[in-house]
Amino acid sequence: MKKVFFFCLVLPIICFSQTQDGEMVKQIYKSSLTQSSAYSWLDHLSNDIGSRLSGSVGAEKAVLYTKKELEKLGLDNVYLQEVMVPKWVRGEKETAYILDNKKKIEVPICALGGSIATPKNGILAEIIEVHAIEELEKLGAEKLKGKIVFFNRPMDAEEIETFKAYGKCGDQRVIGAKEASKYGALATIVRSLNLRLDDFPHTGVTSYGDLPKSAYIPTAAISTNGAELLSKKLKENNKLKFFFKQSCQQMEDVLSYNVIGEIKGTTKSDEIMIVSGHLDSWDLADGSQDDGAGCVQSMAVLELFKKLNYMPKHTIRVVLFMNEENGLRGGKKYAEIAAKNKENHVFAMESDSGGFSPRGFSFDCDETNFTKAKGWIELFEPFLIHSFVKGHGGSDIGPLKSDKLVKVGLKPDSQRYFDYHHAANDTFDAINKRELELGAATMASLVYLFDQYGID
């Protein structure tokens, strides 16, 4: 009888809570779709400021602009966090061609971030195609010395989760040059990490690891169409030569900033929840998808709470990290200072997968909190949010540590993301206003729910 009485007492409370939460989530989506500043913020970042590679003038302008816009929201605190970042400069536009029986066929390339330049007059050499780093050892210095190595492993089209396809072939871009150098290769050319066949070369970071600088070799990405053509020509003539020229250089580190704004919690102000994106972008375009979208969505979470007069229990902080693309210095510095100040972070969310229609979240947390989050799926289903999975939270929030910390990555539809990722077409015209605003609302709704019910 006591159990029946308890059930009858508690059930109305649960139902009321679900109804209240459902109404709040509806209000968040309504406000985001009708009042959000996210699209106009991104318009300015993309079209008035442009590319924002760490250490650039664009990055500096973006820091000042986003700080000013956060101040306009009337937050409790807005500030800059100093961080030293690498400064890599692309230089003149790269050129390349296939030399086949004295016939020159131009192909689109771009230097990979962190690469050294070619000699002033470029490099002209025979080129050898491989599909995996493991093939280098089999070929050995006898066949690779004095050659250009062409890494031509495409993203796996069978993978529905495109980030898995990206991860399966990213090593050739990141460490391909380092590994080829060990066998005396002159340079490397890497197939762009893109599922679509097009003429846009996609840049991205490369690393020489612990190699001495004297062993560094130039490396560049070639467009997927260019890679297909080069592979075809090599099958016809394996003695053809490849030429490319680039003038990039690594400068001394420079001072930059993470941009931070916060709303102080009413009852648990010492427990911090963050929403985040990275403010830097590659230099070929304005970085609207990667990661201007994530930055303005994160800013919009706090804007939505202010517009709805929502007073969070926890301190809610937006962090716009600097230097995710070629160093992760912003994420590391934020985590370092958080540890030094003994800050208690309980929740961290990152949006760094583009501004496409949101599909759900990827959770890096224990089973208890994951189960709690899955209990809220029905609140998101009316907005076509259905995918709650265990996985990667985000690169910038990765270094953050706390005793109890739930890390979350926003999961937009990823099918088109790598069409734009790190390429010259990552521009504002590829952004859909409604999709961007739905993403911001999805982030704000999950933050609201964890703020209400806490971390277990």
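Biologist: R191 lies in strand β8, residues 187-191. What makes R191 count as buried?

Modeller: This is a predicted model, and every label here is computed from it. Buried means under 20% relative accessible area. R191 comes out at 6%, so R191 counts as buried.

Biologist: How do you know that the side chain of R191 makes a polar contact, and with which side chain?

Modeller: The partner is the side chain of N152, at 2.9 Å. The cut-off for such a pair of N or O atoms is 3.5 Å, so 2.9 Å is within it. Leaving aside neighbours within four places in sequence, R191 is in contact with F151, N152, R153, P154, L197, I222, T224, A227 and E228.

Biologist: Now a loop residue. D280 is found between β13 (268-278) and α9 (288-307). Why is D280 called buried?

Modeller: D280 has 0% relative accessibility, and the label needs under 20%, so D280 counts as buried. Not counting residues up to four places away in sequence, D280 touches R52, S54, D290, D291, F321, M322, N323, E324 and E325.

Biologist: Which backbone nitrogens does the side chain of D280 reach, and how do you know they are polar contacts?

Modeller: There's the backbone nitrogen of N323, at 3.0 Å, and the backbone nitrogen of E324 lies 3.0 Å from a polar atom of the D280 side chain. Polar contacts have to be within 3.5 Å, so both pairs pass.

Biologist: On to helix α5, residues 162-169. Which of its residues are buried, and what makes them line one face?

Modeller: T162, A165, Y166 and C169 are the buried ones. Looking down the axis of α5, they fall within an arc of 100°, so they line one face of the helix. An α-helix has 3.6 residues a turn, so residues three or four places apart point the same way. On the other side of α5, K164 and G167 are exposed. The buried residues pack against α6 (171-174) and α13 (417-420).

Biologist: And why does the one-face label apply to helix α11?

Modeller: In α11, residues 367-374, the buried residues are N369, F370, K372 and A373. Their arc is 155°, so here too they line one face of the helix. What covers them includes β16, α12 (377-380), β17, β18 and α14 (433-453).

Biologist: What about the second largest pocket?

Modeller: About 490 Å³ of space lies in it. Its lining has 20 residues, with P86, G114, Y208, Y216 and Q250 nearest the centre. They split into seven nonpolar, ten polar and three charged.

Biologist: How many cavities of 30 Å³ or more are there, and what makes a space a cavity rather than a pocket?

Modeller: A search of the whole structure finds one. A 1.4 Å probe fits inside but cannot get out, so it is called a cavity, whereas a pocket is open.

Biologist: H422 sits in the loop between α13 and α14. Why is H422 called buried, and what is its phi?

Modeller: Its 6% relative accessibility is under the 20% limit, so H422 counts as buried. Phi of H422 is near 65°, a positive value in a residue other than glycine.

Biologist: N101 lies in the loop between β3 (95-100) and β4 (103-106). Is N101 buried or exposed, and how do you know?

Modeller: Exposed means over 50%, and N101 has 67%, so N101 is exposed. N101 also has a positive phi, about 50°, although it is not a glycine.

Methods:
Residues are numbered from 1 along each chain as its sequence is written. This is a predicted model: local features need pLDDT of at least 70, side-chain atom pairs count only at pLDDT 80 or more; totals for chains, interfaces and linings use all residues. Side-chain values use heavy atoms; hydrogens and water are left out. Helices (H or I, at least four residues) and strands (E, at least two) are DSSP runs, numbered from the N terminus. Buried means under 20% relative accessible area, exposed over 50%, partly exposed in between (1.4 Å probe, protein chains only). A polar contact is a pair of N or O atoms within 3.5 Å; within protein, one must be able to donate a hydrogen and the other to accept it, and residues adjacent in sequence count only if both atoms are side-chain atoms. Contact means heavy atoms within 4.5 Å. The arc is that of the directions from the helix axis to the C-beta atoms. On a 1 Å grid over the protein atoms alone, a cavity is a set of points where a 1.4 Å probe fits but cannot get out, and a pocket is an open set with protein on both sides within 12 Å along at least five of seven lines; lining residues have an atom within 4 Å of a point. Grid points are joined across faces, edges and corners, and a volume is the space filled by probe spheres set on the points. Ala, Val, Leu, Ile, Met, Phe, Trp, Tyr, Cys and Pro count as nonpolar, Asp, Glu, Lys and Arg as charged, and the others, Gly among them, as polar.
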